[in-house]
Amino acid sequence: MQLQACWLQCARFYHAPRILGAVSVSQNIPSQHRRDLGLGAWLCYEPAFVQDHEAAMQRLLRELPLAQETIRMIGRDVLVPRLVAFCGEPGLRYRYSGRDHDAAPWTPTLRALVDQLRSATGTRYDTVLCNYYRDGRDAMGRHADDEPELGPSADDIRIASVSLGSRRTFRMRPRVGGERIDYLLGEGDLLVMGGTTQAHWVHEVPRTKAAVGPRLNLTFRCVRLAR
Ligand SMILES: O=C(O)CCC(=O)C(=O)O
């Protein structure tokens with residue numbers, strides 16, 4: 001993505017309406033949180049984007065069809081260490097953990113959040129992958145969200161990650177090696193990954209022995225209709 005378009009993308013955060021439905025989001029979003037990673041990769045970090053994050057998490061825990069899924073590894077099914085739900089526009093399908101997933105309908109709280117994100121960023125997110133980390137034993141392995149159906153285009157994959165509840169380390173590493181980047185994401189933070197981030201970086205949420213409370217992460221995505 002062109003630099004100018006990046007700035008345009010980020011600038012739109014600062015003029016967004018702030019209350020929508022059951023979710024209230026930050027009024028004052030400072031402009032210094034955009035980070036260029038080089039090679040067309042960029043991040044936009046907005047701390048405390050969702051202001052009532054605990055209440056939003058409790059509502060979502062009641063609404064979401066969260067389940068512990070399995071992943072096929074070396075010929076056997078292994079439980080993933082977290083609870084997962086996939087929601088979005090009707091008819092959209094996304095393949096992760098080695099399986100196709102059809103989007104469950106938006107819940108009222110997700111609907112309010114995606115509307116807010118769309119108007120704040122100008123990106124038409126159409127699905128969300130929800131990951132619930134019950135405690136420090138739940139985690140997400142190292143990966144990139146680089147599936148071919150993700151967009152808006154192959155060289156501009158937008159992932160808007162909203163983290164509710166306890167903070168956990170979100171660790172990014174360049175694929176070719178080099179310094180890692182750690183964010184402690186939770187308590188309503190928003191991190192948008194855009195451009196070529198998924199091509200050049202991998203990310204993970206490592207296990208921790210620290211006493212951490214539950215955390216619900218929502219990664220809003222643009223899934224193109226299956227071709
Ligand atoms: O929980 C997080 O912060 C990361 C989630 C993630 O990596 C994903 O949904 O692909």
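These are my notebook entries on a predicted protein model, taken in the order I looked things up.

**Entry 1: the overall picture**

I started with the element count, and the protein has four helices and 19 strands. Next I checked burial: of the 227 residues in the protein, 38% are buried. I then looked at contacts between residues at least 6 apart in sequence, and 73% of these join residues at least 24 apart.

**Entry 2: the seven-stranded sheet**

I traced an open sheet of seven strands, and its order reads β3-β4-β17-β14-β19-β10-β7, with antiparallel pairing. At the edges I found β3 (34-38) and β7 (83-88), each of which pairs on one side only. Ignoring direction, neighbouring strands in this sheet are turned by 15° against each other on average.

Six bridges join β7 to β10, in the antiparallel sense, and Leu83 has Tyr132 in β10 as its bridge partner. Two helices pack on this sheet. I saw α2 touching β14 and β19, with its direction at about 100° to that of β14. Helix α3 touches β7, β10, β14, β17 (189-195) and β19, and its direction makes about 135° with that of β14.

**Entry 3: strand β19**

How many of the seven residues of β19 are buried? I counted six in this strand (residues 215-221), so β19 is largely enclosed by the rest of the structure.

I checked both of its partners in the sheet order. With β10 (residues 127-133) the pairing is antiparallel and runs over seven bridges; here Tyr133 has Arg215 of β19 as its bridge partner. With β14 (residues 159-165) the pairing is again antiparallel, over six bridges, and Ser163 stands opposite Asn217.

**Entry 4: the four-stranded sheet**

I found another open sheet, made of four strands in the order β11-β18-β15-β16 and paired antiparallel. β11 (140-143) and β16 (181-185) are its edges; each has a single partner strand, so one side of each is left without a neighbour in the sheet.

Inside it, I looked at β15 (residues 168-174) and β18 (residues 201-205), which run antiparallel and are joined by four bridges. Arg171 stands opposite Glu204 in β18.

**Entry 5: around the ligand**

Which residues are around the ligand? My list reads Leu129, Asn131, Met140, Asp145, Ser161, Ser163, Phe170, Leu185, His203, Val205, Asn217 and Thr219. By class, I get five nonpolar, six polar and one charged residues in this shell.

I also asked where the shell comes from, and β10, β14, β18 and β19 each supply at least two of its residues. Of these strands, β10, β14 and β19 sit in the seven-stranded sheet, whereas β18 belongs to the four-stranded one.

**Entry 6: the nonpolar core**

The largest nonpolar core has 51 residues, and I noted Cys87, Val114, Val128, Cys130, Ala160 and Val162 as those with the most contacts inside it. Helix α3 (residues 108-121) gives the most to this core, with six residues.

Leaving out neighbours within four places in sequence, its contacts are Phe49, Val50, Leu113, Leu190 and Leu218.

I kept the backbone angles for last. Most residues other than glycine have a negative phi, and most peptide bonds are trans. I went through the exceptions one by one.

- The peptide bond from Gly151 to Pro152 is cis, and its omega is near 20°. I located Pro152 in strand β12 (residues 152-153).
- Ala48, which is not a glycine, has a positive phi near 50°. I placed Ala48 in the loop between β4 (41-46) and α2 (53-63). I count Ala48 as partly exposed because it has 15 C-beta neighbours inside 10 Å.
- Ile74 also has a positive phi, of about 45°, without being a glycine. I placed Ile74 in the loop between β5 (70-73) and β6 (76-79). Is Ile74 buried or exposed? I find Ile74 exposed, with 5 other C-beta atoms within 10 Å.

Conventions:
Residues are numbered from 1 along each chain as its sequence is written. This is a predicted model: local features need pLDDT of at least 70, side-chain atom pairs count only at pLDDT 80 or more; totals for chains, interfaces and linings use all residues. A residue is buried if 20 or more other C-beta atoms lie within 10 Å of its own, exposed if 12 or fewer, and partly exposed in between; C-beta atoms are placed from the backbone. Two residues are in contact if their C-beta atoms, placed from the backbone, lie within 7 Å. Two strands pair if DSSP finds at least two bridges between them. A residue is near a molecule or strand if its C-beta atom, placed from the backbone, lies within 6 Å of it. Ala, Val, Leu, Ile, Met, Phe, Trp, Tyr, Cys and Pro count as nonpolar, Asp, Glu, Lys and Arg as charged, and the others, Gly among them, as polar. A nonpolar core is a set of buried Ala, Val, Leu, Ile, Met, Phe, Trp, Tyr and Cys residues joined through C-beta atoms within 7 Å. Axes are lines fitted to C-alpha atoms, for helices over the stretch in contact, and angles run from 0 to 180 degrees between N-to-C directions.
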